[in-house]
Amino acid sequence: MPQVSPQPNLTVDPAEVARFEALGEEWWDPKGKMAPLHAINPARLAFLRDVIVRHFGHDPRSLRPLKGLRVLDIGCGGGLISEPMARMGADMVGIDPSAGNVEIASAHAARADLTIDYRATTAEELADAGERFDVVMALEVVEHVADVGLFVRRAVEMVQPNGLFIGSTLNRTGKSFALAIVGAEYVLRWLPRGTHRWDKFVTPGEFEASLAAGGFEMRELAGLSFDPLRGTWALSADTDVNYFIVAGPMG
Amino acid sequence: MTASAQTHTPASGRADVVIAGAGLAGLSLALALRDGLGRDAAITVLDPAFARGTWGDPRASAIAAGARRLLTVLGVWDKVAQAAEPMRTMVVTDSRTRDVARPVFLTFDGEVEAGEAFAYMVPNAVLQQALTEAAQAAGVTLIAEPVRAFSTDRSGVTVSYGADQTLRAPLLVACDGARSRLREMAGIQTVSWAYGQSAITFTVEHERPHEGRAEEHFLPGGPFATLPLPGNRSSVVWTERTAEAQRLVELPAFRFQEELEQRFGLSLGAVKPVTKPSVHPLGFAMARSFIGERFALVGDAAHLIHPIAGQGLNMGLRDVAALAEAITDAARVGLDYASPQVLERYQRWRRFDTLAMGVATDGLNKLFSNHSDALRLMRDVGLGLVDRLPRLKGLFIKDAAGLTGAVPKLMRGVAL
């Protein structure tokens, strides 16, 4: 395959898209290649729900605490986040540059009797179309895009005035290199090799700077840590490997 | 399984969880799920027994501290507390009937927390009534029909009942007892062994108050247990080899009385049976799997253990607490709460515990139900040791109360 060099005004890196598209049906196999994403999912979803419910003053004990909110999932992949968010009542739009991913996500949602608006498109196209959302999420996305600054700017454009932007990604530290690249991809074989490129990881400082350039301020920073004994993930103050960043419009 | 095109008849409905069986476990699960999933969740319980209206179970159950906390969270304990008798002491002895004095090896005087009895005796009928009323008040849908059949596909279960009615739900839970028909329909095998023993159960009245004392005498034929009921009454669980048990209940009343007095003793004054003694064969049975596709077994449908340690209902309520917590944790974050991962969590949580309890009570029973003097010496020494080590005894008591291990929230008295 010829190497596609990213153009400066493009937020999507075609080589990265091809890597994820190759996963195909594996997206939804909890014991398959995406097992680590399935393992981390409950902790991520709990964080998302809590942050959103707190911000909008909804009832956290409700089965549909996100009812009435229009939420965008950028880089939705097979729909591992979009589906649970829809079940929690959100009016979901999931976008992914890979048509293959969108197909898999749509088929899976149909089987689960969920209505989710999946589209094979990019954040910039959606922003250009003037779409607006209560919450815009970019989870494990910025480490795969061609131009982080541009991507974040276009993403926050779509956030309603009283809305939220939530991002998550891998920090560029020695620890994340050891754990995410060497550990997860090579030693534990959790993820297909080459899923991540450490030099593309984004530090919280860089993320915050990109948000600020788009007129957004950081409201919350939280880490996710793996407990090797229990095999589960939990929120923690340690943002060295995987972290969430929550932001809203300045002022 | 054929993916038949479901014709949408007017008699089809939807639920979030369908529970088959409205016994103590089934109704507790329904209430726990109302607590965990909230008022907008549709919980449906099917049981032909609703049509009969009355629940004539004459037995009483020992409710351990953990199970009582669960019933408190579910708002049921208040309704049964009046009829509940706290067990404050448990005396365990090991002797032959003809021994003059019974050595007292274990005296479980402990309270689990200050002011908390380690178990309560509650008449099953009272508990059943309270749970049924609470379920009705909580908006649980009760249908007086048995489940006729069910079929599962990737997104849910279709449950058939009545003449031609169906219910569609993500999850079906079988709480339909030891001879679970749903377990059979799901093709889940059981492993079991019989003890060749039966329990004779009945209620006695005695002259003097029992002062909250439970006694368990390990006799050669099997354990003879008395459990305190309200007033001057006790529940008797008298284990014998099956032929002997059968012979005993067929004896003329005065002969049965003699046998009873020989075992019960006269420390509480004159004693007389006030319910008809009935015989229940004992066995240990456990389902090979507690789960299937969008299907779970709870309570006696999953396991039936020897009543020696009084743990049957407590184990069932532990199932309820664990399954309700696994379902709630998943549902709260929008995950499919009937997915293999969620059901696996429930199974991992409960299976080891069940097997351990089954083996422990079986071992305990074998140890105490034979005549070997060597074994007798071993258990005398063994139990004596436990009695002398306060820390170990505390653990033993907490275990009898069902509070050790990875305890589900409801068993700790914490709402979901």
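Trainee: What percentage of the 251 residues of chain A counts as buried?

Mentor: In chain A, 44% of the residues count as buried; the term requires 20 or more other C-beta atoms within 10 Å of a residue's own, whereas 12 or fewer make it exposed and values in between partly exposed, with C-beta atoms placed from the backbone. The model is predicted, and local features therefore need pLDDT of at least 70 and side-chain atom pairs pLDDT 80 or more, while totals for chains, interfaces and linings use all residues. Residues are numbered from 1 along each chain as its sequence is written, with chains lettered from A and ligands numbered from 1 in the order in which they are written.

Trainee: Which residues does A:Glu157 contact, leaving aside neighbours within four places in sequence?

Mentor: They are A:Ala127 and A:Gly214, a contact being a pair of C-beta atoms, placed from the backbone, within 7 Å.

Trainee: Why is the packing of H6(A) against H8(A) called oblique?

Mentor: H6(A) and helix H8 (residues 204-213) of chain A pack at about 50°, with their axes 8 Å apart. Axes are lines fitted to C-alpha atoms, for helices over the stretch in contact, and angles run from 0 to 180 degrees between N-to-C directions. Angles under 35 degrees count as roughly parallel, over 145 as roughly antiparallel, 65 to 115 as roughly perpendicular and the rest as oblique. An angle of about 50° belongs to the rest, and H6(A) is therefore oblique to H8(A).

Trainee: Which residues form the contact of H6(A) with H8(A)?

Mentor: A:Val148, A:Gly149, A:Val152, A:Arg153 and A:Val156 in H6(A) meet A:Glu206, A:Ser210, A:Leu211 and A:Ala213 in H8(A). By class, five are nonpolar, two polar and two charged; Ala, Val, Leu, Ile, Met, Phe, Trp, Tyr, Cys and Pro count as nonpolar, Asp, Glu, Lys and Arg as charged, and the others, Gly among them, as polar.

Trainee: How do you know how H1(B) is oriented to H9(B)?

Mentor: Helix H1 (residues 24-37) of chain B packs against H9(B) at an angle of about 25°, with the axes 9 Å apart. As about 25° is under 35 degrees, H1(B) is roughly parallel to H9(B). The residues of this contact comprise 14 nonpolar, four polar and one charged.

Trainee: Which residues have the most contacts inside the largest nonpolar core?

Mentor: They are A:Val136, B:Leu29 and B:Val298, in a core of 179 residues. Such a core is a set of buried Ala, Val, Leu, Ile, Met, Phe, Trp, Tyr and Cys residues joined through C-beta atoms within 7 Å. Helix H9 (residues 312-332) of chain B contributes the most to this core, with 11 residues. Beyond four places in sequence, B:Leu29 touches residues including B:Val298, B:Val320 and B:Leu323.

Trainee: How many residues of chain A are in contact with chain B?

Mentor: There are 15 residues of chain A, in contact with 12 residues of chain B. H2(A) gives the most to that side of chain A, with four residues.

Definitions and conventions: Helices (H or I, at least four residues) and strands (E, at least two) are DSSP runs, numbered from the N terminus. Two residues are in contact if their C-beta atoms, placed from the backbone, lie within 7 Å.
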